[in-house]
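Colleague: Could you put the model up, so that we can go through it together?
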Amino acid sequence: MTRTALEAINLSKHFGGVLALNDTSFTVPEGSLCALIGPNGAGKSTIFNLITNFYPASSGEARLFGETLTGCPAARIAARGLVRTFQTARVFPGMTALQNVLAGARMHQHSSGLAQMLWLRGARREEQALSRRAEGLLDLVGLSAFRDAAATDLPMGAQKMLEVTRALMARPRVLLLDEPAAGLNDTETVELAALLRAVRGNGVTIMVVEHNMALVMNIADQIVVLDAGCVVADGTSVEIRGNPRVIEAYVGR
Ligand code: ADP
Ligand code: MG
């Protein structure tokens, strides 16, 4: 039986008087790709922010493989295998593309003194292996040419891909991607779709916020539709297509 990788249970969030998320629940099975869609301001990014404890939830809970994420610090969340990207690219300034990817590997290192000592001893070999893996990932996503360029000098599309690459470097079990195709051209979008399929093929669970409907219909096993902070539909692309509440969310009432 397939396990549940990610679960939102009655998540709500108030920002002052604004109810950004209203009693939201969904489950994402392990190894599947779930698209989170909905109009601007529907609460999609807020869901990611609550799941990763970027903001505390007003009520409700998120679980990773059955265990609560509530109160779990960001570094610990990455160590448990949940890694995210942000809607606006957040590459690390003052670092090359390769160094940005390498930084992903350190996201889930939370070392004790002993581990630190062992790490120092094996550091060189480890560092070389990490570099090779980072270079391999840059190659895989077609960013090799930018390896030694300052990350902030990359075109916006490449910066978005770099963020995904950095997230992959952390060896996620569950990957949350917030609008990874925004700013990508058509070719890059096709490449992103192939990458996401390959990543899912390796058993990684993916939840992706995406506006490109063709992309969503193409790659998603499950689509969760959010409107004004509420889940209005949750199903396969066939189930979602033509759902009056989904049309209403987009076309208005
Ligand atoms: P989406 O990602 O679906 O476009 P968001 O999750 O970013 O939507 O936002 C949902 C609602 O919550 C919006 O009304 C937005 O203005 C509000 N919101 C999001 N983040 C904050 C914040 N940090 N402070 C105040 N309001 C916020
Ligand atoms: Mg958003």
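Colleague: Which residues are around ligand 1?

Modeller: They are Phe15, Val18, Ala20, Gly38, Asn40, Gly41, Ala42, Gly43, Lys44, Ser45 and Thr46, where a residue counts if its C-beta atom, placed from the backbone, lies within 6 Å of the molecule. This is a predicted model, in which local features need pLDDT of at least 70 and side-chain atom pairs count only at pLDDT 80 or more, while totals for chains, interfaces and linings use all residues. Residues are numbered from 1 along each chain as its sequence is written, and chains are lettered from A and ligands numbered from 1 in the order in which they are written.

Colleague: Which elements give two or more residues to that shell?

Modeller: Strand E2 (18-29) and helix H1 (44-51) do, and the largest share, three residues, comes from H1. Helices (H or I, at least four residues) and strands (E, at least two) are DSSP runs, numbered from the N terminus.

Colleague: Switching to H7, which of its residues are buried?

Modeller: Leu192, Leu196 and Val199 are, buried meaning that 20 or more other C-beta atoms lie within 10 Å of the residue's own, and exposed 12 or fewer, with C-beta atoms placed from the backbone.

Colleague: What comes just after H7?

Modeller: Gly203, which takes a positive phi of about 95°.
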